[in-house]
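Trainee: I have just opened this model for the first time. Could you walk me through it with a few questions and answers?

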Amino acid sequence: MQGSAPRGGEGRLDLHTHTCFSDGLLTPEALIDLAVSRGLAAIAITDHDTLDGIAAGAAAAEGRITFVPGIELSTVNDGVELHLLGYHVDSADERFRSELTGFRAQRLGRISRMVERLNEMGAQVSTEDVLAQAGPGVVGRPHLAAALVRGGYAESMDDAFRRFIGRSGSAFIPRPAPTTEDAIALVRRCGGVPVLAHPGSSVSDATVERLAEAGLGGVEVWHPHHAAPAVRRYRMLASRLGLIETGGSDFHGPGRSAELGTSRVPARVLKDLARAAGR
Ligand code: AMP
Ligand code: ZN
Ligand code: FE
Ligand code: FE
């Protein structure tokens, strides 16, 4: 584990957060400062398809808060998008890094194809406009939506999704993504613990069983989208399948959806993850 725990791993944890290197608002340094000021005992950075925030996060956390390097991979399972968290991934692993570079290239290619469709429909946005919205972050549809709003082609992000780039929008193109099983293998190969992110109500027990057989190590139990019945269901499932229970706020920045540290995650989860990663 990188960083050290001033409180011996006791106290509140947040194991699901995003920085400006994907679609979060804060830099890794600002995120760590906020976590320390909130009195958290540990934090994981889990940006979408990138490890670019890990080094700065680990450095800022040193001696102040326990830091867990993580990632959130977009995957597809039977045509449905599932997110896979990876904890204690080796952020220096060249093979892993090059796979991630490939995923980000696929994201960009897909956005460019949606831009082409929009151009054909008369919305003159460019891939450069979208990249300007993304800044250092991993490019995605929210940045395209922002470019559409900026160009005056949509009234709001919501309007952009509804009319153009949401699942039923006229310029929507699905994003190519690895299968959940391939992503599990990828996380395992670089020493990480693969954890099914916020499965919500759309994932069947049979699916989780199959993923567990494929090497899944845990399931995200505590998440803002999980009401009490979902928490109970995934706790039971985790116990039956021998999966680690994890949780976090899925923090994307102050004032955006859930605030940092608002999911109740037991302190022992830190040790469970470290043990599973062989740390
Ligand atoms: P992408 O990974 O490029 O397909 O973008 C997916 C992201 O778009 C999700 O993580 C959401 O943050 C955002 N998103 C999806 N649907 C909507 C919507 N209807 N309104 C606003 N944001 C959305
Ligand atoms: Zn996100
Ligand atoms: Fe997610
Ligand atoms: Fe997330």
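Trainee: What should I know about the model itself, and how are things labelled?
Mentor: This is a predicted model, where local features need pLDDT of at least 70, side-chain atom pairs count only at pLDDT 80 or more, and totals for chains, interfaces and linings use all residues. Residues are numbered from 1 along each chain as its sequence is written, chains are lettered from A and ligands numbered from 1 in the order in which they are written, and side-chain values use heavy atoms, with hydrogens and water left out.

Trainee: Which residues are the protein donors of the iron ion (ligand 4)?
Mentor: Along the chain, the donors follow the spacing H-x1-H-x53-E-x177-D. They lie 2.1 to 2.2 Å from the iron ion, and they are His 16 (NE2), His 18 (NE2), Glu 72 (OE) and Asp 250 (OD).

Trainee: Are His 18 and Asp 250 buried or exposed?
Mentor: Buried means under 20% relative accessible area, exposed over 50%, partly exposed in between (1.4 Å probe, protein chains only). By that rule, His 18 and Asp 250 are both buried.

Trainee: What separation does the model give between the iron ion (ligand 4) and the zinc ion (ligand 2)?
Mentor: Look from one ion to the other. The separation is 4.5 Å.

Trainee: Which side chain joins that of Thr 75 in a polar contact of 2.8 Å?
Mentor: A polar contact is a pair of N or O atoms within 3.5 Å; within protein, one must be able to donate a hydrogen and the other to accept it, and residues adjacent in sequence count only if both atoms are side-chain atoms. Thr 75 counts as buried, because its relative accessibility is 1%. A polar atom of its side chain lies 2.8 Å from the backbone oxygen of Leu 82. The side chain that joins that of Thr 75 at 2.8 Å belongs to Thr 180.

Trainee: How far is a polar side-chain atom of Arg 175 from an oxygen atom of ligand 1?
Mentor: For comparison, a backbone N or O atom of Arg 141 lies 2.8 Å from an oxygen atom of ligand 1. For the polar side-chain atom of Arg 175, the value is 3.0 Å.

Technical notes: Donors = N, O, S within 2.8 Å, 3.2 Å for Na, K, Ca; no water.
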